[in-house]
Amino acid sequence: MKRKLMITVLAATLVFNLAGCGGAAGGDKTPEAPVSEETGEASTEEMPAGEETAEPVAEEGKVLKVAYIPNSMSNEMNAYGYKIMKEHQGDYNMEVTAFDGQYDSQTETAAITNCIGQGYDAMILCPSDINAVIPAVMQAKEAGIIVVMYSADLPEEYREYRDIFVGVDDTEAGRNAAKAFIDQFPEGAKVIEVGGTAGTDAQIRRHDGFTAGLEGSNIEVLEYQATNSWSSNETMAITEDMIVKYGDEIQGIFCHWDGGATGCIEALKNAGIEGTYIVAIDGSRSGFDQVKDGTQNVCISQNVINISLKAMEVIRDAADGGNYEAENYVPLDVVTPDNVEELPYPEW
């Protein structure tokens, strides 16, 4: 009873906030039209079965109606993940439709609430603001929809309202970045950290993992600054400012994502600085290319194919009332000049 009352109150608050933000400027936002299907090839490695058991939520043989609501389809990782889902949806007897969050929490929330009304069986969510979508996620859970957090999890105190998390351990990714610097500079070094969008799950976890990983080492972080958006133009501007402040004191740069590292590299190039040790996370084409050409030293890579397929696999298990893992961490690859040619080249 207490839980239902909490959900009712939060739902009422959500409706009030959406009405207040819409108004004469254009009213409530609705999801974007489904994104067009693409084709491609993919393979996956089966992961161990879990211990959670679900009650069946769909009739046997029914095609599951699944909504994919990422923070933005302009993000190549999200677009590639959707490509994999569309290519393999028949393998899991489901139909996946994407709704573009446009890096806007109101648009993401409207997509969730509209999909509840349209009777979706499951949702795969990667929100731009993990806190802003909580009331809508609670409504989805109350409606019996399978809620999957994809690459970005809810705050710990609200995880009872999602069924499944699938993604990499961003805290571990940050620790791997720290280890790369410690291995490169065993006697110590001075570095700067350029973060992803402030307040996002990946930014918080990558920073926390990096900080924890450096504890007890001789690596000194001269300064840390997060961005306002996942923008390489911002990372270039931040790096330029830090070059002005610290000059040749900077021996290394940790950037939270490969595309952002591109901006850092450009700032160093414009300043005529060479030999700076650069580590970034993601495993995108830009990361692999930069490792190949020697402008980025380490890329901590996540496998988008395995993340996407695992999300569908676990949804199917949950819908059928089978056993499944509530938390599914897909292993990371540490990409260096020594192994970059041996690893599959990313398509995003």
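Author: Angles under 35 degrees count as roughly parallel, over 145 as roughly antiparallel, 65 to 115 as roughly perpendicular, and the rest as oblique. What you have above is a predicted model, so local features need pLDDT of at least 70 and side-chain atom pairs pLDDT 80 or more, while totals for chains, interfaces and linings use all residues. Residues are numbered from 1 along each chain as its sequence is written, and side-chain values use heavy atoms, leaving out hydrogens and water.

Reader: Let's get oriented. How many helices and strands does the protein have?

Author: Helices (H or I, at least four residues) and strands (E, at least two) are DSSP runs, numbered from the N terminus. On that count, the protein comes to 10 helices and 14 strands.

Reader: And what share of the 348 residues is buried?

Author: Buried means under 20% relative accessible area, exposed means over 50%, and partly exposed is in between (1.4 Å probe, protein chains only). Across the 348 residues of the protein, the buried share is 51%.

Reader: Among contacts between residues at least 6 apart in sequence, what share joins residues at least 24 apart?

Author: A contact here is heavy atoms within 4.5 Å. Of the contacts in the protein between residues at least 6 apart, the share that joins residues at least 24 apart is 76%.

Reader: Which glycines of H8 do the H7 residues meet?

Author: From the H7 side come Ser-232, Thr-235, Met-236, Thr-239, Glu-240 and Ile-243. Their partners in H8 include Cys-264, Glu-266, Ala-267, Leu-268 and Asn-270.

Reader: What about H8 and H9, oblique or perpendicular?

Author: The axes of H8 and H9 come within 7 Å and cross at roughly 45°. So the word for this pair is oblique.

Reader: And which H9 residues do the H8 residues meet?

Author: H8 brings Asp-258, Gly-259, Ala-261, Thr-262 and Ile-265 to this contact. On the H9 side, they meet Ser-286, Gly-287 and Gln-290.

Reader: Which residue with a positive phi follows H4?

Author: Helix H4 spans residues 134–142, and Ile-134, Pro-135, Ala-136, Val-137, Met-138 and Ala-140 in it are buried. After H4 comes a residue with phi near 85°, namely Gly-144.

Reader: Asn-93 isn't a glycine, so what is its phi?

Author: Most residues other than glycine have a negative phi. Asn-93 lies in the loop between helix H2 (76–88) and strand E3 (94–98), and is partly exposed at 28% relative accessible area. Its phi is positive, at about 55°.

Reader: Gln-102 has a positive phi too. What is the relative accessible area of Gln-102?

Author: Gln-102 is found in the loop between E3 and helix H3 (105–117), with phi near 55°. Gln-102 is partly exposed, because its relative accessible area is 36%.

Conventions. Axes are lines fitted to C-alpha atoms, for helices over the stretch in contact, and angles run from 0 to 180 degrees between N-to-C directions.
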